[in-house]
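This report describes selected helices and strands of the structure shown below, beginning with a sheet and continuing with a helix pair.

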Amino acid sequence: MRPAQWDLPPELCCRPLAFVALTGLDVVYNAIHRAIWDAFCANRRADRVPISFKVLAGDHEYPKCRTKRTSYEWYIPKGIVKTGWMNKHLNLVPALVVLFYELDWDDPQWKEKQSECATKVEVVRTSLQGRNTKVAVVLIQKKTPLPPGEDLVASERASALCGACDLSGKSLFVLPHTDHLVGYIIRHQFKMGFFSELKQDTQNALKYYRTAYSLVHELRAHESNTLEIKTIAGFINYKICRLCFQHNTPLDAIAQFRKHIDLCKKKIGSAELAFEHTAWMSKQFQSFGDLFDEAIKLGLTAIQTQNPGFYYQQAAYYAQERKQQAGHLCSHEPGVGYPAPDPLETSSGALDFYGQRAWRQGHQSIDPPDTEKEKQGILAIQIKERDILHSELIIALLSNAVAQFKKYKCPRMKSHLMVQMGEEYYHAKDYTKALKLLDYVMCDYRTERWWSLLTSILCTALKCSYLMGQVKDYITYSMELNEVPEPEPDCDSASVITAQSLWCDRVSLAGNNEFTIEVQDYVPFVQCKAKFLSPSFHIDEPVQLHVYVRADCPHPLRFSKLCISLSNQDYNQYCLLEEAQKGKDILEPSTQENMCLVPGKTRKYCFKFVAKTEDVGKKIEITSVGLMLGRETGRYVYLNWRGGWGDAASSHEALQASRSFKRRTRLPDQQVDWDTVSVQSSTMIISRVPKISVQLTHEPPALSNEMYCMTVTIQSEEDAVAKDLKLTSGLKPGQDANLTQSTRIALNGSEVCDDSHPALLPDIPLGDLKPGQKIVKPLYIHCVSTGPRVLLFHVAYSVHATVEDKDITCKCHKDETVTVETVVPFEVAMKFVSRKFEHLERVYVDIPFLLMMDILSASPWPIELMDSEVQLASSMTAIDQPQSQVEGVTLQTNECASECFLLKCPPVQNGTSTVASGHYIISWKRKSVLGETSVVKTIVTLPHVMVENIALYVHAEMPSFGRVRESLPVRYHIENRTGLVQDVEISVEPSDAFMFSGLKQVRMRILPGAEQEMLYNFYPLKAEYQVLPQLNINLLRFPNISSQLLRRFLPSHIFVKPQGRNGDASIEAA
């Protein structure tokens, strides 16, 4: 098969478009018909309804329609789709035929033309017989129709024509060719968008406005209609942008505005009215800026690079262009006046259509209808433009832009626009506001060293200060520009005459002979740096100060006075340099030639003075450096550097110098490199270096509660006598407040330290100290709490010295600090035990028990225990006279000493209570090789114990040991300690190690307070440590008292010796 059979037909691949046939148009020879055809087809945008238009002859033969079958019964199709069916409906059979016919409502041959039109419609219908094609008629008319309802003739004839052609009223259209055809469509699209807004249907409104905007730019623009096209385009663009902001699609609004500007910026129109185009452009940017700002106020978020300020700035730019064009185009000869009659006036006082000229409304031809009227109208517009205050418009726009850039933190854009505002104020002859704005902006440009910009601004500021007669400002700006007070160029001649009069008046005043300029706010032609040679000076050495001065002007400069002001004004007299200086106490006198500054060369001036002793510990600062130009006898300018250095550009200059990697050229030894000069604007006066030695002798760590001895040895290394020596010692200030409460210092180790002793003992007098002499002073520190603490030892004295041939008394001091750790000397562990050394949680009334003491040494030094005693509370008594069992014991580190006391508790109320035991007092001291130490008493509070009454007390009398196969008598005492008769059951449990005789089980009754004895003879059967037969006691009246509790009072074991042999000394010894 041939490959072409498999190719897709073009009718299938193309986009199906509705086919509309236009008849009755001669697009080759008739210009009006050609314009109608262009309105339908030329530059048709993609957003319009896609339609395929074709111009056909009125008698065009369309494909004949076959007779339709009434039934498909017995019909056999020959195929599926015919090859010509798609092409027939795309290109041959139209969906609509539009017949264009030239006919006005008042045509004198109305009847004949009506019949001709009906005949043509009938021809078309006949050719399309059997088809569903629609037919419409468009009347091309030369005259503009009246509004609907006002032209009765037109209504009657339209009805007659519809009847003759067999058309409905909706199929008859009128197209006046006096109105631009696309403009005719634009009008309807704009109106539909406006009505949609009235219905709050903003989505459809935006669609209609976009369509209208697209149609506007399809109009063929020429000089007579450019203004109207731009005006309507501006209106529609405003609507589109506003709706985009309302729909929260700001990017669409910005894109639309940029497209609008790109399409319209070259449509200037008449060259004689070019300022109208720049005014229109300025208004477009201003309006969009207003819309943008309004959207931000309603919640839209803007950014630094996209904010309304840029649009206000561009509006101001076009306003400035407008001003320049108006100045060029509207500068007519003095004899040229406003034309009469006024060509801008209309009978109704307003224009019929936006953007049209008043003298030719409704005229759409390329050429003006009246050339003379055109000239007069242009002249009237130019004269009106000449009277507009352009500077006010520009300033308002720049002010809006500055506010926006300030809001979005764009400082350089703000400064740039403020310069333009200042220049506009200058052109508007508002010199005060101009100078105020320029002075504000110059601070930034000075700091950032934009010299070309600063020079340009200074020129304008100089003109303003001259025209205002501001002498000080003029001198200040002149010094930055190196200018002389001559009339500034390019100034208004009338303003110059006024300024010269002001200068004469103000210069003649006596008070205008002295001017002080604060250099920090400007960039003068003289630079200064002042520095102390050191951040600090001792009181016994002179304070040295250098001042570096450099001139940046093109010519040598002479000054008459250089003075430095210090924070202590008493020293100012030593830091003064002036011409013909005599009789002053200046350490380095000046010469005449060093009062002259050579351009580009750095000059150094040196000063020094002796500080006062009362300024020790104080800072001396350079408050200012003053340089006088001129003489005090005449007029002079005083340059003042606050802080002794710098101007408005110094910080940026220092930063650039620090970042620079440029190799510096080497200068001769006598010259100074300005960039290498550092600034030291303050210095501290400190005390003379002490020439004494302070040594501390002690044995750390300190032990809690002891009088810790620290020996201070002070030896003089001075060449003269150190007088009035005083020692301040103790806890260094600034530490924890708890340390202050727990630290005491004393001069005598035998003193008892209490709250009356301070933590810091000030000004201990030590007298005078001759050269080489030594003083030894012991001090005692009492530390209650443990932990580290910093101790201070401050030695102060005075000594005579000579500085620069001046005798002064210097106060010297030396500080020594030491950190001392305080530890506990020992730890005391206490516990209550029974006489069998079993631990007791509680004790019982009148039953003896033991109090055990364990003293564990924690000191790194040996501790000698001098004595110990127990101070019992009233709730406890000692059975024997308690004596210290650790007296004279010396404990090394981690060694332990123990002792015990036999105690009992008297009866208590309510049967059970917790009672205090008392205190345990240990007397001890540190064993030191440095000397005898004092005794310290440490008081330890004994623990509380629970005391209970017991109903029955049982104890046993028995030998300390037994012997195998020998009788061992044991007597049990059972005491009733209640006020009731006790029924007691007693039984003895047998033991494998003993046989016994006595009652194995008995029941008895014990009277209140009475005691019952039971005697048993135990017969040991085994040697070594054996378990005794256990005695079980049950109290019938007190079942809660268990046998195990009573059994604790009885011995449970006894040591049994083996049976002895005759002559066995070892057994006897045992």
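## The four-stranded sheet

Two strands are taken to pair if DSSP finds at least two bridges between them. The model discussed here is predicted. On that criterion, 4 strands form an open sheet in the order β38-β40-β44-β42, and their pairing is antiparallel. The edges are held by β38 (952-957) and β42 (994-997); each has a single partner strand, so one side of each lacks a neighbour in the sheet. From one strand to the next, the twist averages 30 degrees.

Within this order, strand β40 (residues 968-976) and strand β44 (residues 1011-1020) are joined by 8 bridges in the antiparallel sense. Pro969 lies opposite Asn1017 of β44.

## Helix α10

Helix α10 comprises 24 residues and spans 35 Å from its first C-alpha to its last, close to the expected 34 Å. Of these 24 residues, 18 are buried, so α10 is largely enclosed by the rest of the structure. Gly299, which follows α10, has a positive phi near 120 degrees.

## Packing of α8 against α10

The axes of helix α8 (residues 226-246) and helix α10 (residues 274-297) approach within 10 Å and cross at roughly 10 degrees. Angles under 35 degrees count as roughly parallel, and α8 and α10 are therefore roughly parallel to each other.

Residues of α8 in the contact include Leu227, Tyr238, Arg242 and Phe245, while those of α10 include His277, Trp280, Phe288 and Phe292. By class, the residues of the contact of α8 with α10 comprise 9 nonpolar, 6 polar and 4 charged.

Definitions and conventions. Residues numbered from 1 in each chain as written. Predicted model: local features only at pLDDT ≥ 70, side-chain atom pairs only at ≥ 80, totals over all residues. Heavy atoms only, no water. Axes fitted to C-alpha atoms, helices over the stretch in contact; angles between N-to-C directions. Helix = DSSP H or I, 4+ residues; strand = E, 2+ residues; numbered from the N terminus. Parallel < 35°, antiparallel > 145°, perpendicular 65-115°, else oblique. Contact = heavy atoms within 4.5 Å. Nonpolar A, V, L, I, M, F, W, Y, C, P; charged D, E, K, R; others polar. Expected span 1.5 Å × (residues − 1). Buried < 20%, exposed > 50% of the residue type's maximum accessible area, 1.4 Å probe, protein only.
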